[in-house]
Amino acid sequence: MRRFSKTSQRTKWLDLWPEWDIVLELDHRADDPEPAFSISYMQVQVDWDDGNEPVTYNRTSSVQKQTYAGTYPIGRHLVKLKVTNRYNNAGNLHFGNATSSSLNGVAQMPQIIRVKKLDGSGTVANRPKIQSLSLCFNRCLRLESVDCPIIVGNATDLGYFFRFCVNLKGKVEIPYFAATTTFSYAFYNCINLEEVQLGDAPSMTTFNYVFYNCSELKKAKLGAFSNPIPFGYAFWRMQRSY
């Protein structure tokens, strides 16, 4: 039976309108690093499910890693994030390995085993958007499932989104790409992923290597593309070889 830590009943969130609402299930082990993530030009409130009130992280300039302060409790946790951009530049957020060229790097939050909610539908008009979720779960090797449709809001860059999530199984659904232009390498080497359903992508321009080496993929449903785009190696090496 799964056990989660008991979050304080006094949990308080700052008064803001979140652009992104995120819930992640973590399995923190004794030999894990403290969980971390990277942000730029945004404010993130995190309920770490550690019995304490949410922690607020502010970053008013370029990408910087944010790490849990202290010793994170061993066990399973439901971590909740509320993300907003209050600054002048388009923001970035990711939990995975920060280097797209790395084949061996460690994710910043390797404890992630499930994505329970990833909702960017709260984008506010006339506010700088959260532009990039590139590398969001890159090399999150323990990630097993995405239990919700992913609402990407006005994010433009989703490249390397689930790259090298080798234990990701089941289905991933993204109903609509309102402003996304880049989706390259999104499921690169997701060798156990079985189904992907992608909605219309009116602004998409880059789609190469998306399903490269997805050897267990049985079904991929794609929406409409308004632009003629290159599918360079998008479906390359999808058949398992023995």
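**Figure 1. Strands across the whole chain.** A strand here is a DSSP run of E of at least two residues, numbered from the N terminus. With that in mind, welcome to this predicted model: the protein has 13 strands and 0 helices. Read from the N terminus on, the elements run β-β-β-β-β-β-β-β-β-β-β-β-β. Buried residues make up 49% of the 242 residues in the protein. Of the contacts with a separation of 6 or more, 75% are between residues 24 or more positions apart.

Figure 2. The average pLDDT of the protein is 86, and 84% of the residues score at least 70. Confidence is highest in β10, at 98, and lowest in β9, at a mean of 81. Over residues 1-11, pLDDT stays under 50. For that stretch the model has 24 contacts beyond four places in sequence.

**Figure 3. The largest nonpolar core.** In soluble globular proteins, nonpolar side chains tend to be buried together. The largest nonpolar core in this model has 58 residues, and the members that touch the most others are Phe 95, Phe 137, Phe 162, Phe 183 and Phe 187. Two or more residues each come from β1 (20-28), β2 (36-40), β3 (42-47), β6 (75-84), β8 (112-119), β11 (171-176) and β12 (195-200). With 4 residues, β1 gives the most to this core.

**Figure 4. Phe 137 and its surroundings.** Phe 137 is buried, with a relative accessible area of 0%. Leaving aside residues up to four places away in sequence, Phe 137 touches a group of residues that includes Leu 24, Phe 95, Ile 112, Val 115, Leu 118 and Leu 143. Phe 161, Phe 162, Arg 163 and Cys 165 are also among the residues it touches.

**Figure 5. Phe 95 stacked with Phe 137.** The model holds 25 aromatic pairs. In one of them, the ring centres of Phe 95 and Phe 137 are 5.7 Å apart and the planes meet at 20°; planes under 30 degrees apart count as stacked, so this pair is stacked. Phe 95 sits in the loop between β7 (91-94) and β8, and Phe 137 in the loop between β9 (130-132) and β10, so the pair ties together parts 42 residues apart in sequence. Phe 95 is buried, with a relative accessible area of 0%.

**Figure 6. Phe 137 edge-to-face with Phe 161.** Phe 137 also forms an aromatic pair with Phe 161, at 5.9 Å centre to centre and with 85° between the planes, which is edge-to-face. This pair links distant parts of the chain, 24 residues apart: Phe 137 is in the loop between β9 and β10, and Phe 161 is in the loop between β10 and β11. Phe 161 is buried too, with a relative accessible area of 1%.

**Figure 7. Two arginines over aromatic rings.** Arg 139 lies over the face of Phe 164, at 5.3 Å from the ring centre. Arg 163 lies over the face of Tyr 188, at 5.7 Å from the ring centre.

Conventions
Residues are numbered from 1 along each chain as its sequence is written. This is a predicted model: local features need pLDDT of at least 70, side-chain atom pairs count only at pLDDT 80 or more; totals for chains, interfaces and linings use all residues. Side-chain values use heavy atoms; hydrogens and water are left out. A nonpolar core is a set of buried Ala, Val, Leu, Ile, Met, Phe, Trp, Tyr and Cys residues joined through side-chain atoms within 4.5 Å. Buried means under 20% relative accessible area, exposed over 50%, partly exposed in between (1.4 Å probe, protein chains only). Contact means heavy atoms within 4.5 Å. Rings of Phe, Tyr and Trp (its six-membered ring) pair if their centres lie within 6.5 Å; planes under 30 degrees apart count as stacked, over 60 as edge-to-face and the rest as tilted. A charge sits over a ring if NZ of Lys or CZ of Arg is within 6 Å of the ring centre and within 35 degrees of the ring normal. pLDDT is the predictor's confidence in each residue, from 0 to 100.
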